[in-house]
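Work through the exercises below with the model open beside you, and try each task before reading its solution.

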Amino acid sequence: MINAMNSHQLLKTIQDSFIGRDTIYPLVDGSSGPRRYLDSAASTLMMQPAFEVAKEFLTHYASTHSELHYAAKGASQAYQWAHQRVLAFVGADTNIYSAYFTGSGATAGFNRIAAELSEKRPERDVVLVSEMEHHSNDLPHRKHSGETVHLPLMGEGPSYGGLDLEVVTEFVRKYGERINYLAITGASNVTGAITPIHELAQLAHSVGAYLVIDASQMIAHAPISMQDKSLDDADIDILVFSGHKIYAPGSPGVVIAKSSLLADMPPAELGGGMVDDVYLDKFIPSSVLPDREEAGTPNIVGAITLGAVLDILLRIGMDKIREKEIRLIDLAWEKLSAIDEVNLYGPAPDVLPRTGTISFNIQGFDHGLTAATLNDYHNIQVRNGCFCAHPYVREMLKPELWALDIDPDAPNSEADVERKRGMVRASLGIYTTEADILALVDAIKDLVARKEEILSLYVPEGSNGYRHREFTPAASAIFNPQRALEHALNPPIKCVA
Ligand SMILES: Cc1ncc(COP(=O)(O)O)c(C=O)c1O
């Protein structure tokens, strides 16, 4: 059935398939209704057909690393299939690249890569990162490299963002062969600003540096290829992303790297599965990739779910998904920029290509208040704060914070300052519709119109949050694992007529 669909029909079917897209939640006015999930940059929802593949695999579940009973053989082959799906998704030539899965998302991948690359080339003591990196693609390099240099971005104030290749060129010339690698995000998790990754690869290679791309925010939104045959020497050396950002919650992080690069790096993690032999006084790491990089029993179910998602997305075509998202970004930007009380951040989409991640504030509302009221009054789920990209967020907020006499860079600020040092982020997924965007716009207009009422009804909580004085449904009333467990153990008796 699905095979007979064209990519447009498949996109529509898949959009409607997500688990939890329409979950019903209570609202302040006593009503309840389906949520609108605009928090995909943090984590995406689960794609049902991929989940079904994983569920079927569970009926054959066994661990990998054995070929001698049916289930173990099946698991080993399915796990290999997941690696192949990853490589195919980013157009990686399997003669050149290997993929391996890491523990906890992209963060595990960056920590591994930072440790391994610094050990591989200690004489190259500099790493270049950009000022818009997520902490996961910044702090591991600070820990392992001699010096981590932050590349400034384009523009200034609220529209700060995006890499200027001329500026990168200057820094590459300045640090030259001291640079071990550049570690740069493919798209910002705050503003969606997209990086020209292959041009960056050329610049890195001009001084013998590697290019490490953080694809966490790009992978689900735009086509990515490890190689760009139209440019010389523009291959990406290493690409890292999290499976939970691409419709496979619970799946592992992914590293795709040139096999030649991995082959002569000592594996960062040791244990079962990655060695050929172990003696009391020595061990011999496997030379087989990805085994060498995957110590321990892998997250087979998560990897298979992710493999299935990537296969489906390839069938739809990432270019189609990008086209659809661009329409929604343009709509959102146009409507939100027409509201006087809304401040939008990052370069406008007609200035720099962006993914569907839009950060904003409503004047007179702390970021936590906006997020809480969008949830409580309008069933719209967004994220707020600094999104683990503190330097970037604070740079964009500087003019606003100075106007309030707040030092954006003051460490350990008071809670009432922290409540102002942040933004609200609405982020899209493949399931996001025009109706979701219009609902967000209407909701913001409603909040603006009811500002005084809202301010009187909410009290601040902690450094990031706000709580309605009377409407405070407990999280356990929404989902309670113990209750779900009792329900699973005592399913309602089915009446047979
Ligand atoms: C751009 C970017 N890089 C890295 C990460 C870290 O991903 P994870 O928490 O899955 O390791 C995130 C997560 O938000 C991100 O947005």
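**Exercise 1. Determine the handedness with which H2 passes H9, and then describe the contact between them.**

Step 1. The crossing of H2 with H9 is right-handed, a term for a near helix turned clockwise from the far one by less than a right angle. This is a predicted model, in which local features need pLDDT of at least 70 and side-chain atom pairs pLDDT 80 or more, while totals for chains, interfaces and linings use all residues. Residues are numbered from 1 along each chain as its sequence is written, and side-chain values use heavy atoms, without hydrogens or water.

Step 2. The axes of H2 (residues 48–58) and H9 (residues 300–316) cross at roughly 140° and come within 8 Å; axes are lines fitted to C-alpha atoms over the stretch in contact, with angles from 0 to 180 degrees between N-to-C directions. Helices are DSSP runs (H or I, at least four residues) numbered from the N terminus.

Step 3. Residues in contact (heavy atoms within 4.5 Å) include Phe51 and Phe57 in H2, and Ile304 and Thr305 in H9.

**Exercise 2. Decide whether Glu119 is buried or exposed.**

Step 1. Glu119 belongs to helix H4 (residues 105–120).

Step 2. Glu119 counts as exposed because its relative accessibility is 54%, and exposed means over 50% (1.4 Å probe, protein chains only).

**Exercise 3. Find which side chains have an N or O atom 2.6 Å from an oxygen atom of the ligand.**

Step 1. For Ala106, a backbone N or O atom lies 3.1 Å from a ligand oxygen atom.

Methods: Helices (H or I, at least four residues) and strands (E, at least two) are DSSP runs, numbered from the N terminus. Buried means under 20% relative accessible area, exposed over 50%, partly exposed in between (1.4 Å probe, protein chains only). A polar contact is a pair of N or O atoms within 3.5 Å; within protein, one must be able to donate a hydrogen and the other to accept it, and residues adjacent in sequence count only if both atoms are side-chain atoms.
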